[in-house]
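Me: I would like to work through this structure by question and answer, with each reply ending on the value or name requested. Please begin with the aromatic residues.

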Amino acid sequence: MIGDISKAEHIYIAVGYTDMRKQIDGLSAIVQQNFKLDPFSNSVFLFCGRNTRTMKALYWEGDSFVLLYKRLENGKFKWPRDESEALEITSQQFRWLLEGLSIVQPKTIQKSYPQVVL
């Protein structure tokens with residue numbers, strides 16, 4: 001299926017600002033040159049510009065690139081802006097990002113693994 005990014009092994013977020021006029025060739029060049037990563041790997045690369053209402057996702061499907069574009073009608077993405085490199089995130093963090101939440105959720109309930117059952 002076209003654009004099925006659920007099969008990706010890794011999800012990378014381009015921290016900082018990206019020129020959203022860039023298309024497949026420009027974004028794959030950023031992945032190679034700036035982040036020293038392989039755009040042909042089984043990974044999704046996420047980009048966001050200064051207007052944090054839009055996001056682009058670049059994914060290699062094995063025979064071609066897919067470029068996905070998402071625009072929020074209400075709200076903005078909580079995009080990390082501290083560095084200018086790629087940051088690997090989990091699928092849970094990706095869901096948070098798509099829901100308009102920060103990729104760091106300090107109030108999540110931590111799983112515990114008790115050793116003794118009472």
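Me: Which residues do ring pairs link into a cluster?

Reply: The model is a predicted one. A search of the whole structure finds 5 aromatic pairs. Ring pairs join three residues into a cluster, namely Phe40, Trp60 and Phe65.

Me: What is the angle between the planes of phenylalanine 40 and tryptophan 60?

Reply: A pair of aromatic rings is described by the distance of the centres and the angle of the planes. For phenylalanine 40 and tryptophan 60, the centres are 4.9 Å apart. Planes over 60 degrees apart count as edge-to-face. The pair of phenylalanine 40 and tryptophan 60 is edge-to-face, with an angle between the planes of 85 degrees.

Me: How many residues apart in sequence are the parts that the pair of phenylalanine 40 and tryptophan 60 ties together?

Reply: Phenylalanine 40 is in the loop between H1 and E2, whereas tryptophan 60 belongs to strand E3. The pair therefore ties together parts whose separation in sequence is 20 residues.

Me: How is the pair of phenylalanine 40 and phenylalanine 65 classed, and which strand holds phenylalanine 65?

Reply: The ring centres of phenylalanine 40 and phenylalanine 65 are 5.2 Å apart, with 45 degrees between the planes, and the pair is tilted. Phenylalanine 40 lies in the loop between H1 and E2, so its pairing with phenylalanine 65 ties together parts 25 residues apart in sequence. The strand that holds phenylalanine 65 is E4.

Me: Is phenylalanine 65 buried or exposed?

Reply: Buried means under 20% relative accessible area. Phenylalanine 40 has a relative accessible area of 43% and is partly exposed. Phenylalanine 65 has a relative accessibility of 19%, so phenylalanine 65 counts as buried.

Me: Which residue takes a positive phi in the hairpin of E3 and E4?

Reply: This hairpin has 4 residues between the strands. The phi in question is near 105 degrees, and the residue that takes it is glycine 62.

Me: Which residue stands opposite lysine 56 in E3?

Reply: E3 also pairs with strand E2 (residues 43-48), in the antiparallel sense and over 5 bridges. E2 and E3 form a hairpin with 5 residues between them. The residue that stands opposite lysine 56 is phenylalanine 47.

Me: Which residues does threonine 52 touch, not counting residues up to four places away in sequence?

Reply: Threonine 52 is found in the loop between E2 and E3. Threonine 52 is buried, because its relative accessible area is 11%. With residues up to four places away in sequence left out, threonine 52 touches Lys76, Phe77, Trp79 and Arg81.

Me: Within what arc do the buried residues of H1 fall, seen down the axis?

Reply: Helix H1 (residues 24-34) has Leu27, Ser28, Ile30 and Val31 as buried residues. Seen down the axis, these buried residues line one face of the helix, because they fall within an arc of 150 degrees.

Me: Which strands are among what covers the buried residues of H1?

Reply: An α-helix has 3.6 residues a turn, so residues three or four places apart point the same way. On the other side of H1, Asp25 and Gln33 are exposed. The cover over the buried residues of H1 includes E2, E3 and E4.

Me: What is the C-alpha to C-alpha distance between serine 91 and glutamate 9?

Reply: Serine 91 lies in helix H2 (residues 91-98). With a relative accessibility of 42%, serine 91 counts as partly exposed. Serine 91 and glutamate 9 are 82 residues apart in sequence, and their C-alpha to C-alpha distance is 9.7 Å.

Me: What percentage of the contacts between residues at least 6 apart in sequence join residues at least 24 apart?

Reply: The protein has 2 helices and 5 strands, in the order β-α-β-β-β-β-α from the N terminus on. Of its 118 residues, 36% are buried. Among contacts between residues at least 6 apart in sequence, the share joining residues at least 24 apart is 59%.

Terms used. Residues numbered from 1 in each chain as written. Predicted model: local features only at pLDDT ≥ 70, side-chain atom pairs only at ≥ 80, totals over all residues. Heavy atoms only, no water. Pairing = 2+ DSSP bridges. Buried < 20%, exposed > 50% of the residue type's maximum accessible area, 1.4 Å probe, protein only. Contact = heavy atoms within 4.5 Å. Arc of directions from axis to C-beta. Phe/Tyr/Trp six-rings, centres within 6.5 Å; stacked < 30°, edge-to-face > 60°.
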